[in-house]
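Reader: I'm new to looking at protein models. Could you walk me through this one, a question at a time?

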Amino acid sequence: MATLEFTRRYAMAHRLLATKSAKCAIPHGHNEFVTVRLEPEQRFHFSDTNSVAPFEAVKKRWHQWIDEHVDHALHLGEADPLIGYFRDNERERLSQIMTFQGDPTTEALAACFWLKLSAFIADDKLPFVLRQVRIEETPTNTVIIDHQNFDPRTCGLRAGAWPWRADVSINDF
């Protein structure tokens, strides 16, 4: 069957502390586009439907997750002191904060998107393999993770370090 590719736009904010960039240490935002490429498990063959699954069935859960958990979220490293500020002063906003192991860079976000979408594909038993996650951070900066440069088994993500909302534990998902 044919390779599928689809894109979703979202707004987000983050700050990077470990990189020692004065510019990126200030919370700032981006309007980003994430494009994913799914390769079917079978080659294209004419049939009644001429597709493995309709676009809607393949992208619905992914787009819903981006809209509900990533769009307009603040991405922070798990050790960022801003998390303490929100816990103490604006607890109601904790659901809009995603925490990351280390700096919440676009590279880290792409890797986490890979892991999340792969889990959706497996859970929904979709006949596809994720081949690429592409995030356009700005019109001039893009990060691409694909099956040749990313291995979920050796990526170094600690157990329990998946980016989650700061107001819940990993066990709540």
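Reader: How many salt bridges does a search of the whole structure find?
Author: Keep in mind that this is a predicted model, so everything here is computed from predicted atoms. Side chains of opposite charge can pair when their charged atoms come close. A search of the whole structure for such pairs gives a total of eight salt bridges.

Reader: Which residue forms a salt bridge with Arg15?
Author: Arg15 sits in the loop between β1 and β2, and its partner in the loop between β3 (73–77) and α2 (81–89), so the pair ties together parts that are 65 residues apart in sequence. Both residues of the pair are buried. The closest N and O atoms are 2.8 Å apart, and the partner is Asp80.

Reader: Asp124 and Arg61 meet in a salt bridge too. How many residues apart in sequence are the parts that this pair ties together?
Author: The N to O distance in this salt bridge is 2.8 Å. Asp124 is partly exposed at 34% relative accessible area, and Arg61 is partly exposed at 31%. Asp124 lies in the loop between α3 and β5 while Arg61 belongs to helix α1, so the parts they tie together are separated in sequence by 63 residues.

Reader: Is Arg93 buried or partly exposed?
Author: Arg93 forms a salt bridge with Glu90, where the closest N and O atoms are 2.9 Å apart. To be buried, a residue has to be under 20% relative accessible area. Arg93 has 39%, so the label is partly exposed.

Reader: Is Leu117 buried or exposed?
Author: Leu117 is found in helix α3. Leaving out residues up to four places away in sequence, Leu117 touches Val36, Leu38, Trp62 and Leu130. Its relative accessibility is 3%, so Leu117 counts as buried.

Reader: How far apart in space are Leu117 and Trp65, C-alpha to C-alpha?
Author: Along the sequence, Leu117 and Trp65 are 52 residues apart. In space, going from C-alpha to C-alpha, the distance is 9.5 Å.

Reader: What about empty space? Which element gives the most to the lining of the largest pocket?
Author: Rolling a probe the size of a water molecule over the atoms shows where empty space is left. The largest pocket holds about 210 Å³, and of its 13 lining residues, Cys24, His28, His30, Glu137 and Asn141 are the closest to the centre. β2, α3 and β6 give two or more residues each to the lining. With three residues, the one that gives the most is β6.

Reader: How many of the residues lining that largest pocket are polar?
Author: Split by class, the lining of the largest pocket has three nonpolar residues and three charged ones. The count of polar residues is seven.

Reader: How many charged residues line the second largest cavity?
Author: The second largest cavity has a volume of about 40 Å³. Its lining includes Leu38, Trp62, Leu117, Phe120, Arg61 and Asp124, and α1 and α3 each supply at least two residues. Seven of the lining residues are nonpolar and none polar, and the number of charged ones is two.

Methods
Residues are numbered from 1 along each chain as its sequence is written. This is a predicted model: local features need pLDDT of at least 70, side-chain atom pairs count only at pLDDT 80 or more; totals for chains, interfaces and linings use all residues. Side-chain values use heavy atoms; hydrogens and water are left out. On a 1 Å grid over the protein atoms alone, a cavity is a set of points where a 1.4 Å probe fits but cannot get out, and a pocket is an open set with protein on both sides within 12 Å along at least five of seven lines; lining residues have an atom within 4 Å of a point. Grid points are joined across faces, edges and corners, and a volume is the space filled by probe spheres set on the points. Helices (H or I, at least four residues) and strands (E, at least two) are DSSP runs, numbered from the N terminus. Ala, Val, Leu, Ile, Met, Phe, Trp, Tyr, Cys and Pro count as nonpolar, Asp, Glu, Lys and Arg as charged, and the others, Gly among them, as polar. A salt bridge is a side-chain nitrogen of Lys or Arg within 4 Å of a carboxyl oxygen of Asp or Glu. Buried means under 20% relative accessible area, exposed over 50%, partly exposed in between (1.4 Å probe, protein chains only). Contact means heavy atoms within 4.5 Å.
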